[in-house]
Structures are given as structure tokens and as C-alpha cells.
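Please read the following note with the sequence and the model side by side. Each numbered point may be checked against the structure in turn.

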Amino acid sequence: MLVQQKITLPNGTVLENRLVKAAMAEDLAAPNDPNEQHLKLYSQWSHGGWGMILTGNVQVSDVYKGAPADITTATPLADPSSWSKWASTIQANGTPAVVQLCHPGRQSPPGSGNRSFFTKNIAPSPVKMNMGDSLMARAVTALLFGTPREMTTGDIHQVIEAFAEGAKRAFEAGFQGVELHAAHGYLLAQFLSPLSNLRTDEFGGTAAKRAELLIRILRRIRDVTSPTFILGVKSNSVDASSGSLADVMEQIKLTVDAGIDFLEISGGTYENPTMMAEGAAPAERAATHVPSRRTLERESFFLSFAQQVRSEFPKLILMVTGGFRTRLGMEAALASGGADLVGIARPAAVVPDLPTSVIMNEKVTDEEANLRLRPVRLGGWKGWLVDHSPVKSAGAGAQSIYYVGQLHRMGAGEKSVDSRLAA
Ligand SMILES: Cc1cc2nc3c(=O)[nH]c(=O)nc-3n(C[C@H](O)[C@H](O)[C@H](O)COP(=O)(O)O)c2cc1C
């Protein structure tokens with residue numbers, strides 16, 4: 001099986017296989033640091049036979065977080081050993097662990113950071129989000145996120161240092177690397193996009209200048225860590241919010257030239273959360289007895305864009321995340337040349353040892369190696385709200401609520417038993 005093949009990253013780290021547990025925000029840090037629940041949660045993944053494990057997003061600011069219980073690197077540690085305990089728990093069985101670092105920029109909801117209700121979010125430019133055209137959607141968006149404040153040059157330099165400090169904390173704690181979250185509409189993605197970055201200074205105006213913040217952060221992180229520290233970037237494929245294909249390719253070139261070890265391809269934002277699509281329903285799959293190569297490749301949401309990146313950057317290590325549910329789909333993605341690594345999120349919250357128990361388990365047939373997740377439908381008032389919400393991303397919110405619930409079970413030391421798993 002291709003998924004079982006080893007791969008060496010440019011920094012020298014050897015991954016034992018191609019299956020990577022993708023980032024999922026745990027929503028467990030109260031207030032700021034990893035704790036016992038993180039250890040119980042990650043210990044389940046550490047026994048799963050993953051080639052590499054990414055943490056959920058860790059915020060580099062405590063003023064602007066993605067959610068109140070995100071871990072942050074911006075505050076002194078209450079327990080000086082909490083980060084090293086976290087790193088050693090994840091890596092207990094030799095799997096390299098990588099911390100995902102993030103700043104939400106204009107996507108920081110109220111109450112999720114150490115700031116008053118009246119403090120505005122920050123962003124490259126004062127451009128508010130569009131989560132739906134109806135009056136109600138606009139009102140909800142205004143209330144939740146408002147119009148962000150344009151960052152000063154001083155703010156930008158602070159953010160560069162905050163990412164560097166975050167990487168240093170991960171490095172000193174014993175993690176093998178960091179990944180910068182430059183996808184899903186967070187601050188770094190806001191800088192990359194011509195729709196949210198209207199600046200005319202050194203951080204905006206052209207595709208290259210819009211990538212300047214990301215590049216400076218990458219360089220600073222190399223300064224404060226080591227050439228053998230894994231440096232990855234999660235970036236979006238070309239979509240409605242990212243600018244032209246030529247612009248995105250130019251930005252990827254600059255990112256590659258800055259010396260990264262892998263690029264993870266995803267897509268979507270809070271405005272249009274394509275990364276949280278539910279994929280083919282079980283019944284549709286069952287109808288296809290011998291899936292064609294084309295059908296298998298379509299299982300992955302962003303593989304076709306990854307193939308375009310591959311044609312320009314033949315040596316770049318590409319991780320593709322979103323939609324993978326079957327062994328055959330994963331094998332097809334690797335065989336297509338578009339992916340070197342297969343990123344898996346939601347299934348990992350259902351079957352934490354997915355690599356060893358299913359995908360790489362030779363006793364499990366190809367037909368059985370199919371993690372058919374039923375669509376998430378919330379019951380009660382939460383379900384009603386989602387069904388009637390004017391905000392486009394409400395369905396993705398429902399998915400997050402559901403899967404975060406699974407992470408919380410695992411954090412409590414319970415099994416993640418799931419009724420969504422079709423028999
Ligand atoms: C509960 C939950 C939390 C997530 N948190 C993050 C995150 O912190 N950082 C990130 O890059 N993506 C995050 N994602 C997105 C996943 O990494 C992934 O891109 C997406 O779920 C698609 O992959 P999948 O089809 O394998 O689930 C999250 C997804 C879920 C379900």
C-alpha cells in the first residue's frame with residue numbers, strides 16, 4: 001500500500017507512513033494551557049499509528065482567539081512543564097508532533113480572547129465578513145465579528161514576534177515542528193487575499209506583498225528554532241476568496257523559497273466553509289461497486305488543485321486534507337501524484353487509531369476500509385437554529401459542535417463511539 005510508505009521531509013524527519021492526523025481545535029484549554037484532558041485526548045492518537053500528528057490550532061494571541069478554550073502561547077505557563085508533557089505524550093510512540101499556530105484576525109468571535117466587547121478585531125484592512133446576504137445574516141455577522149480595525153505596522157511586527165515566540169515554545173517543549181495556519185480565512189489568509197487585504201504598504205498591493213507577512217514569519221521562526229525543525233504551512237486552494245490562480249501560485253513559490261518542509265492544501269473560510277463539506281453519503285458510495293479512478297480522486301475536496309501545485313512544484317511535499325474516507329481514495333490520491341501526505345480530521349475524531357485498525361490493517365478489505373460518516377444533524381433547539389439560520393456557515397458550526405463533542409469524550413478518557421459510522 002502506498003499509504004504505508006515512509007517519506008523523508010526536507011528537514012530530515014522521517015514519517016513512517018503517509019497518514020496525518022489533521023488539526024482539530026480541541027476547545028479544552030481553560031484558560032490557556034494544555035492540561036490533563038489534552039493528554040488523554042492525544043494519548044489516543046499517539047497509539048493510532050499516524051505518520052504525523054498535528055495539534056489543533058494554538059493561538060499566538062490571548063486577546064484574539066478563535067474560541068475561548070483555545071490554547072495560546074501568549075501567556076506565561078501556569079505549569080512550566082505542561083507543554084513538554086503534551087509533546088512527550090503525543091510523541092510517546094515515536095510519531096512526530098507538529099503544533100499548528102494561528103491568529104484569527106477578523107474571525108475572532110466575542111468572548112474568545114482577553115478583550116472587552118467593544119474592542120474591534122484586527123485585520124489587514126477594515127473589510128467585514130460576508131456570511132450571507134439577508135438582513136439577518138448581516139446583522140448576526142456584524143454582532144459577532146463587526147468591522148475589523150486596520151492593523152498598524154506596529155501591530156504587524158507584534159504578530160510576527162508572537163508567531164516566532166509560539167514556535168520557540170513548541171521547539172523548546174520538544175515538538176518536532178509547527179504549521180502556520182494560512183487557510184480558512186484566518187489572519188494570514190486575510191493578508192494573502194486581495195479581497196480582505198487592501199493595503200498599499202509593504203504588506204499589500206501585489207500578490208508578493210500580500211505574502212510578505214507569512215514569509216517574514218517563516219524566516220523569523222527559522223531564526224529562533226533550527227533547520228531540523230519541521231516548518232509547514234496550511235493554505236487554501238484557489239477559490240472565491242483567494243485571488244487568481246497566478247497570484248496563488250506566486251505566493252506558493254515565495255512560501256516554498258522561504259524553506260518549508262510541507263504545504264497542506266485545504267480550502268474555505270467562515271464565509272464559505274467548503275472544508276467542512278460532508279462528502280458522498282453512504283448510500284451513494286454503496287451504489288458504486290467498482291469506483292473509477294476519477295470517482296476515487298473526487299473523494300478528496302482539494303486534490304485537483306493540489307495536482308496543479310504539483311505540476312509547478314515537483315519536489316514540494318504536499319499534504320492534502322478534506323474528504324478522505326476510504327483506503328482506495330487515499331491510495332488514488334497518492335498515486336495521482338497530487339498528494340504525498342493524506343490529512344484526516346473528522347474520521348480521526350471517530351476512530352483515533354484509524355491507521356492501524358483500518359487503513360493499514362491488511363486484514364481489513366478495501367471495501368471495508370471505508371469510514372462512512374453519516375451527515376451531522378443536530379437535534380433539539382440547536383438543530384432548529386442550524387436549519388433556520390440565515391448564516392451560510394451554520395452547517396459547518398453544527399459539524400464543529402458535534403466533532404468537538406467527540407474530542408471532549410476522548411479528553412475525558414472515554415471512547416469516541418459514533419452512531420454516525422455506518423455499519
Ligand atoms: C472539530 C473540528 C475542529 C477543527 N479545527 C481546525 C483547526 O484548529 N485548524 C485547522 O486547520 N483546521 C481545523 N479543522 C478542519 C480540519 O483540519 C479539516 O481541514 C477539515 O475537517 C476537512 O477534513 P476532514 O474531511 O478529514 O474532516 C477542524 C475541523 C473540525 C471538524
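**Note on the predicted model**

1. At a relative accessibility of 10%, H184 counts as buried, where buried means under 20% relative accessible area, exposed over 50% and partly exposed in between, with a 1.4 Å probe and protein chains only. H184 lies in the loop between β8 (177–182) and α5 (187–192). Its phi is positive, about 55°, although H184 is not a glycine. Most residues other than glycine have a negative phi, and most peptide bonds are trans.

2. Some conventions are needed for what follows. This is a predicted model, in which local features need pLDDT of at least 70 and side-chain atom pairs count only at pLDDT 80 or more, while totals for chains, interfaces and linings use all residues. Residues are numbered from 1 along each chain as its sequence is written, and side-chain values use heavy atoms, with hydrogens and water left out.

3. The chain has 15 helices and 12 strands; these are DSSP runs numbered from the N terminus, helices being H or I over at least four residues and strands being E over at least two. Of its 423 residues, 57% count as buried. The C-alpha trace spans about 60 × 50 × 45 Å along the principal axes of the chain.

4. Does the radius of gyration of the chain agree or disagree with that of a compact globule? For 423 residues such a globule would have a radius near 22 Å, and the chain, with 20 Å, agrees with this. The radius is taken over C-alpha atoms, and the globule rule is 2.2 Å times the number of residues to the power 0.38.

5. Contacts (heavy atoms within 4.5 Å) also deserve attention. Among those in the chain with a separation of 6 or more, 75% are between residues 24 or more positions apart.

6. The loop between β3 (19–21) and α1 contains P31, which is joined to A30 by a cis peptide bond with omega of about 0°. D27 is found in the loop between β3 and α1 as well. The phi of D27 is near 60°, a positive value in a residue other than glycine. With 29% relative accessibility, D27 counts as partly exposed.

7. Helix α1 covers residues 36–46, and its buried residues are H38, L39, L41, Y42, W45 and S46. An α-helix has 3.6 residues a turn, so residues three or four places apart point the same way. At the start of α1, a side-chain oxygen of N35 comes to within 2.9 Å of the backbone nitrogen of Q37.

8. Which residues does I53 touch, beyond those up to four places away in sequence? They are K21, Y42, W45, S46, I90, T95, P96, A97 and V98. I53 belongs to strand β4 (residues 52–59) and is buried, with a relative accessible area of 0%. Y42, W45 and S46 are among the buried residues of α1. The C-alpha atoms of I53 and K315 are separated by 22 Å, and these residues are 262 residues apart along the chain.

9. T255 is part of helix α8 (residues 245–257). It counts as buried, at 4% relative accessibility. The side chain of T255 reaches the backbone oxygen of Q251 at 2.7 Å. Apart from its neighbours within four places in sequence, T255 is in contact with L214, I215, L218, V233 and I260.

Note on methods: Polar contact = N/O pair within 3.5 Å; in protein donor to acceptor, adjacent residues only side chain to side chain.
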